[in-house]
Amino acid sequence: MNMSGYISFDGTMTRYPSRRSVAYGKNGMVCTSQTLAAQAGLDILKKGGNAVDAAIATAISLTVLEPPSNGIGSDLFALIWYHGKHYGLNGSGPAPLKLTREAVLEKIAKTNGSMAVETGTGKIASLSASAMPDKGWETVTVPGAPASWKEMHRKFGASDFEDLFDAAIRYAEEGYPLQPICSRLWKKNAPKVMELEGKLYAPVQEQFFQNKKMEPGALMKLPEMGKTLRELAKTGCRSFYEGNIAREITDFAKKTGGYITEEDLRSYRPEWVEPISLDYRGYQVCEIPPNSHGLVVLMTLNILRHMELAGKEDPETIHKQLEAMKIGYTDGKMYIADPRYMKADVQYFLSDAYGSKRAAEIGNEAILPRPVDLNCGGTVYLCTADREGNMVSLIQSHFQNFGSKLAVPGTGILLNNRGNNFSLDPRRDNCLAPGKKPYHTIIPGFLMKDGEAVGPFGVMGAFMQPQGQVQVVNNLIDFSLNPQEALDAPRWQWIGGKTVEVEAAFDKETVAELRRRGHDVKVMENFTSFGRGQIILRQPEGVYAAATEPRADGVVAAW
């Protein structure tokens, strides 16, 4: 590990096969999961825009270019390094004021003939004791992305705001060729969406699936989105919250049993927040505070910093990572919530007392962790950088692929299903309540050292995100991998209980040793659930080094 203020590495590829090597640039960079989106951001930089402008243009383009993962009705979180200061933006939205726990339980009873709250199924999400639906109006929270684009620009933007929509509008109206991974996700979801019945789901079928070619390279046009984006550009996104678009959203809700109202939209504002951080082996790892579960990353690293980690391939190292991750996630799912409702103290989870206590509980065998006793102690990611040293780490998502499966008629607006992460257990801080924000899975990351920016990083993918981030941080800092190797390296993910999924490239002897330690290891051929990440790191002499995920259609656009 290098302690000079930079993360040093050899840019040649040596340990993990990839089609990519580390990319370098000086005047600016944009990294994301979609080639055309990265170019849209780079074009803004070349026209005199800054890293924030580039991030906004890229995020807007991604709503058109990757609808399975995000859309105009998404949420957004961002960490921004601007002129030597660090800022956090929470662009997640609350539950509508008419959406109550009782209303959801009544809907579940009508649908399933039961008022049961515990489901006991699914991956890590089941730890929330939530029987929340995964689609429909009960899952829709107030979308925060459009307001967040405007708020970021208001505070830091240098370009004309309307210009940031140009590429996205062109892609929507003139069409764009589908990239392979996006094509794969789109086709995978087609049967699930097309089998939904009723007028509630007809708009998403009509706008995103019917008469659409979903093969790689097929030309995809989304004219409804183009019309909406033109309106958002013209009105500075205010029309989404009070204006023509707001009326279209609320009219759809009124006609189909939705909960979102004019008041919900009109009163929404994104929040500037103070990033939280943990010192990890000389570097500061920064995250958005709750209701985001970036705290899970820091809790896990807090445990690991009290332990010695050997090489990346060492089974004992992976065992320690897994056990720390399980503990961090278990505590996070129990205690993270909208900060107005969260009883636990965030600083306790960042303390040596917490890290050492939980590290001492890790032995040689896989365990089933319990939450710490506090009395005892389909997402897109992008990062940008400009010639002035400003950098942005931004993640935008409507949670599951195609969100709530609701699209506002004639607009191309896919509504998120972020409310699926609420609990219906009244004992939980994260229990659904009107006007409350849910536990949130999207987490932009950022590395610093001695108060100076090192660079943005992130790994998208719902409950894989903290797991991917921890592995990337370990790869960079503990194992001295270069940024591309840090993303290429085979990944694991804990999915609940003692069950662990690993990618097919995992060493067979390592898998065997993990099984001997009590882990139920499943080797997966499908790589799409193991996250998709991007990294930009500041280097000496004003140079940036960047890497993009081989599990996505990503690219580093450098200038």
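Predicted model: local features only at pLDDT ≥ 70, side-chain atom pairs only at ≥ 80, totals over all residues.
As for the overall build, the secondary structure comes to 17 helices and 21 strands. The radius of gyration is 22 Å, close to the 24 Å that the globule rule gives for 559 residues, so the chain is as compact as a globular protein of that length. Taken along the principal axes, the C-alpha atoms fill a box of roughly 60 × 55 × 40 Å. On the charge side, there are 63 positive and 64 negative side chains, and the centres of these two sets lie 3 Å apart.

Let me turn to strand β2, residues 28-32. Five of its five residues are buried, so this strand is largely enclosed by the rest of the structure. In a regular strand the side chains alternate between the two faces of the sheet. In β2 we find G28, V30 and T32 pointing one way, with M29 and C31 pointing the other way, and all of them are buried. Which strands pair with β2? One is strand β10, residues 379-386, which pairs with β2 in the antiparallel sense over five bridges, and there C31 stands opposite C383. Another is strand β21, residues 555-558, again in the antiparallel sense, over four bridges, and in that pairing V30 stands opposite A557.

Next, a covered helix. Helix α11, residues 294-304, has eleven of its eleven residues buried, and among them are G294, T300 and N302, along with V296, V297 and M299. What covers the buried residues of α11? The cover includes the strands β8 (276-280) and β9 (283-287), and also the helices α12 (315-335), α13 (346-349), α14 (352-359) and α15 (465-478).

Leaving aside neighbours within four places in sequence, H153 is in contact with D53, I56, S159, D160, F161 and L164.

Finally, I would like to set two backbone positions side by side. Phi of N211 is near 60 degrees, which is a positive value in a residue other than glycine, and phi of F402 is likewise near 60 degrees, again a positive value in a residue other than glycine. N211 is found in the loop between α7 (202-208) and β6 (219-220), while F402 is found in the loop between β11 (391-397) and β12 (406-408). Are these two residues buried or exposed? N211 is exposed, with a relative accessible area of 82%, whereas F402 is buried, with a relative accessible area of 0%.

Definitions and conventions: Residues numbered from 1 in each chain as written. Heavy atoms only, no water. Rg over C-alpha atoms; globule rule 2.2 N^0.38 Å. Lys, Arg positive; Asp, Glu negative; His and termini not counted. Charge placed at Lys NZ, Arg CZ, Asp CG, Glu CD. Buried < 20%, exposed > 50% of the residue type's maximum accessible area, 1.4 Å probe, protein only. Pairing = 2+ DSSP bridges. Contact = heavy atoms within 4.5 Å.
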